[in-house]
Amino acid sequence: MLVMEQFRELVSLLVPPVCLGCGCEPSDSRAVLCEGCAEEMPRLIGALCQRCALPLPCEICPARIAPWESATAACSHEGPARGLVMALKSSGAKRVAAQMAKLMAEPQLYAQPVALVPMPPDPARLRATGVNHARVLADQLSCLTGRPVVRALERLPRAKSVRQVGASRKERQQPGRIQISSRGTVPPRCVVVDDVYTTGASLQAACLGLIRGGAKTVNCSVFARALPPGFNRSMPRTW
Ligand SMILES: [Zn+2]
Ligand SMILES: [Zn+2]
C-alpha cells in the first residue's frame, strides 16, 4: 500500500498542475488551487452550532442526540471545497490533504492531548480504489498539530456492501447500516477525522465505536459540511 501511495504522489508531481476548483493552470505550480479559488473557499466561520457544525440557527439541530462533544467543519461542501474532497478521495494525494488540513487545524481543539482517529475506510471501497483518504488527511493534520494518529477503529464489511457514496439521506441513516468497532487500545480523548459530514451517520457509528471501546470524550473534525437540502442560507456569507 505504501508503494502505491508513493507511486501516486510521484505521478501527481509529473502531471501538469491544474486548479482542483476550476481546472485552470495556477500561477504557482505547487498550489492545488488557483488564487481565485483559494479566495472563494467557502469557509464556515462565525456563529456555528457546535453539535452539527452548521451555521446558527440550525433550527431543530440534526445532531442534538449525537454521541460526540462537538463537531467542527472548516468549509461548506461546495465550490472549491468540493473539488478538494473529490481529488483527495480519488488520488489520496498528500498535497491535497495538506491544503485541507491547514484549514482544519483549529488551535482550540488541538490544545488538548487528543488522538486523531481517522474514519475507517469501507473495505470494499479501499480494495477498489486503494485510497484511505481519511488516514491521509489525519496524517497531515498530525503534522500540523503534533497530535498522534491512532487507528482505533475498523469498519466491518457488510453482506451487501452498500456504500454511503450515492445513497439517499434516508438510506444513510438506517440503523446498523454502517458498522464500526474499536480495535486495540482506545485513547481517552479522541478526535474523529473525516473529509465530509453529510448526514452524520458515519461519524455517529465511529463515535459510538470509540465510546464502547473506552473513550471518555470524542469530538469530530471534518473538512467540509454538506448543507442539508433546504437549509436556510441566511447565514452570513464569509467568502
Ligand atoms: Zn481555480
Ligand atoms: Zn446544530
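This section describes the fold, the central sheet and the packing of selected helices in a predicted model of a protein chain.

The protein chain contains nine helices and six strands. Of its 239 residues, 40% are classed as buried. The mean pLDDT of the chain is 87, with 83% of the residues at 70 or more. Confidence is highest in strand β2, at 98, and lowest in helix α8 (residues 169–172), where the mean is 62. Over residues 235–239 the pLDDT falls below 50, and this stretch makes nine contacts in the model beyond near neighbours in sequence. Where pLDDT is low, predicted coordinates should not be read in detail.

Four strands form an open sheet in the order β1-β6-β5-β2, with parallel pairing. Neighbouring strands are turned against each other by 20° on average, direction ignored. The pairing of β5 with β6 comprises eight bridges in the parallel sense, and Arg189 has Thr217 of β6 as its bridge partner. Between β1 and β6, five bridges are found, again parallel, with Ala71 partnered by Cys220 in β6. Strands β2 and β5 are joined in the parallel sense by four bridges, and Ala115 stands opposite Cys190 of β5. Helix α4 packs on this sheet, where it touches β1 and β6, and its direction makes about 120° with that of β6. Helix α7 also packs on the sheet, in contact with β2, β5 and β6, and its direction makes about 125° with that of β5. Strand β6 is largely enclosed by the rest of the structure, because seven of its nine residues are buried.

Helix α7 (residues 133–145) has a length consistent with its residue count: at 1.5 Å a residue, its 13 residues should span 18 Å, and the end C-alpha atoms are 18 Å apart. Of these 13 residues, 10 are buried, and the helix is thus mostly covered. The buried set consists of His133, Ala134, Arg135, Val136, Leu137, Ala138, Gln140, Leu141, Ser142 and Thr145. The elements that cover them include the helices α3 (79–91), α4 (94–104) and α5 (107–110), together with the strands β2 (115–118), β5 (189–197) and β6 (217–225). After the helix comes Gly146, which has a positive phi near 80°.

Tyr110, in helix α5, has 19 C-beta neighbours inside 10 Å and therefore counts as partly exposed; the threshold for a buried residue is 20 or more. With residues up to four places away in sequence set aside, Tyr110 touches Ala105, Thr145 and Arg147. The C-alpha atoms of Tyr110 and Leu144 are separated by 9.8 Å, although these residues lie 34 positions apart along the chain.

The 12 residues of helix α9 should span 16 Å at 1.5 Å a residue, which agrees with the 16 Å between its end C-alpha atoms. Its buried residues are Ser202, Leu203, Gln204, Ala205, Ala206, Cys207, Gly209 and Leu210. Their cover includes β1, β2, β3 (153–155), β4 (180–182), β5 and β6. Just after α9, Gly214 adopts a positive phi of about 115°.

The largest nonpolar core comprises 61 residues, and those with the most contacts inside it are Val117, Leu137, Cys190, Val192, Val193, Leu210 and Phe223. At least two core residues are supplied by each of β1, α3, α4, β2, α7, β5, α9 (201–212) and β6. The greatest contribution is that of β5, with six residues. Beyond neighbours within four places in sequence, Leu210 is in contact with Val117, Ala152, Leu153, Ser182, Val186, Cys190, Ala215 and Val218.

Technical notes: Residues are numbered from 1 along each chain as its sequence is written. Chains are lettered from A and ligands numbered from 1 in the order in which they are written. This is a predicted model: local features need pLDDT of at least 70, side-chain atom pairs count only at pLDDT 80 or more; totals for chains, interfaces and linings use all residues. The expected span of a helix is 1.5 Å times one less than its number of residues. A residue is buried if 20 or more other C-beta atoms lie within 10 Å of its own, exposed if 12 or fewer, and partly exposed in between; C-beta atoms are placed from the backbone. Two residues are in contact if their C-beta atoms, placed from the backbone, lie within 7 Å. pLDDT is the predictor's confidence in each residue, from 0 to 100. Two strands pair if DSSP finds at least two bridges between them. Axes are lines fitted to C-alpha atoms, for helices over the stretch in contact, and angles run from 0 to 180 degrees between N-to-C directions. A nonpolar core is a set of buried Ala, Val, Leu, Ile, Met, Phe, Trp, Tyr and Cys residues joined through C-beta atoms within 7 Å.
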